[in-house]
Amino acid sequence: MVKKAIHYNVIQNILQHYECPDTCKAECCRNGRVHIFEHEFNLLKENDHERTKDIRSDVLYPALYIMNNPCSFLNQTNRCDTYKRRPTVCGMYPFKVNNSGTSLGLQPCPLGFMIIKDISSWATDTISKAEIPAAEKVEKLMQWEISLESYAIEASEFHSRESLQEMQIPYDELEMLSMFLLSKNALKKVPDISDVQEKHCSI
Ligand code: SF4
Ligand code: SF4
């Protein structure tokens, strides 16, 4: 549980460096399959009974509730009307918990793809400077190039896809990414985290 809370904070530290592009009309809240825990459902219900009246528990996973499509808390300006009390999964997107136990998935939605591009440029920069045999270097750089191209295709077809190929990010690398972004942007003005999160209307 403590580990999960740490990951959530690391994700917030990463997301503070990004903003969802205006071209995405909160697609995650509109078409995503957003599962929330029962206590989160109860909290939403307590605060706004009307907007939760059609939310049901999932047939396959009865302990989880599934938000409506589009989410009943999404307003006409594509913002979340329960932002400060949004479910945990909403505050993590485009990162998603999976059952690997060692990594988190990163969905290549428009915002996710921005993060993937930064991870890719960080990785290729590191490989270019590494003291490894030239052939190995070329091979590794080519793998990243292919991988980035495939995520670019996923991102470009994001609106029409039922499911996306996620990038798997080991927990340790998540921490490293957070520190890398912080150091890279240290000389720029880092926006106040609460401002950015208000804009990040995501699942
Ligand atoms: S997080 Fe949601 S609103 Fe932001 S780019 Fe991704 S799908 Fe769009
Ligand atoms: S962020 Fe808000 S609008 Fe989007 S799915 Fe979550 S609760 Fe709904």
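Which strand order does the open sheet of three strands have, and with what pairing? The order is β4-β5-β6, and the pairing is antiparallel.

First, the ground rules. This is a predicted model: local features need pLDDT of at least 70, side-chain atom pairs count only at pLDDT 80 or more, and totals for chains, interfaces and linings use all residues. Residues are numbered from 1 along each chain as its sequence is written, while chains are lettered from A and ligands numbered from 1 in the order in which they are written.

Now the overview. The protein has nine helices and six strands. Both are DSSP runs numbered from the N terminus: helices are H or I with at least four residues, strands are E with at least two. Of its 203 residues, 25% count as buried. Buried takes 20 or more other C-beta atoms within 10 Å of a residue's own; exposed takes 12 or fewer; partly exposed is in between, with C-beta atoms placed from the backbone. Next, contacts: two residues touch if their C-beta atoms, placed from the backbone, lie within 7 Å. Among contacts with a separation of 6 or more, 72% come from residues 24 or more positions apart.

Back to the sheet. Strands pair if DSSP finds at least two bridges between them. The edge strands are β4 (95-97) and β6 (167-170), and each pairs on one side only. Neighbouring strands are turned by 40° against each other on average, direction ignored. For such angles, axes are lines fitted to C-alpha atoms, for helices over the stretch in contact; angles run from 0 to 180 degrees between N-to-C directions.

Take β5, residues 103-106. Its antiparallel pairing with β6 spans four bridges. Three bridges join it to β4, again antiparallel. Look at Leu106. On β6, Met167 stands opposite Leu106. Then go to Ser103: its opposite number in β6 is Pro170.

What about the faces? In a regular strand, side chains alternate between the two faces of the sheet. In β5, Leu104 and Leu106 make up the covered face. Ser103 and Gly105 make up the uncovered one. Helix α8 lies across β5 and β6, at about 85° to β6.

Stay on α8, residues 171-184. Met176 is found there. Is Met176 buried or partly exposed? Partly exposed, because it has 15 C-beta neighbours inside 10 Å. Met176 and Val10 are 166 residues apart in sequence, yet 9.6 Å apart in space, C-alpha to C-alpha.

Most residues other than glycine have a negative phi, and most peptide bonds are trans. Here are the exceptions I picked.

Two are cis bonds. One joins Asn69 and Pro70, with omega about -10°. Pro70 lies in the loop between β3 (64-66) and α5 (88-92). The other runs from Tyr93 to Pro94, with omega near 10°. Pro94 is in the loop between α5 and β4.

Ala26 has about 50°. Its place is the loop between α1 (2-15) and α2 (27-31). Ala26 is buried, because 21 other C-beta atoms lie within 10 Å. Asn78 has about 65°, and sits in the loop between β3 and α5. Asn78 counts as partly exposed, because it has 16 C-beta neighbours inside 10 Å.

Last, a glycine. The hairpin of β4 and β5 has five residues between the strands, and Gly101 there takes a positive phi near 80°.
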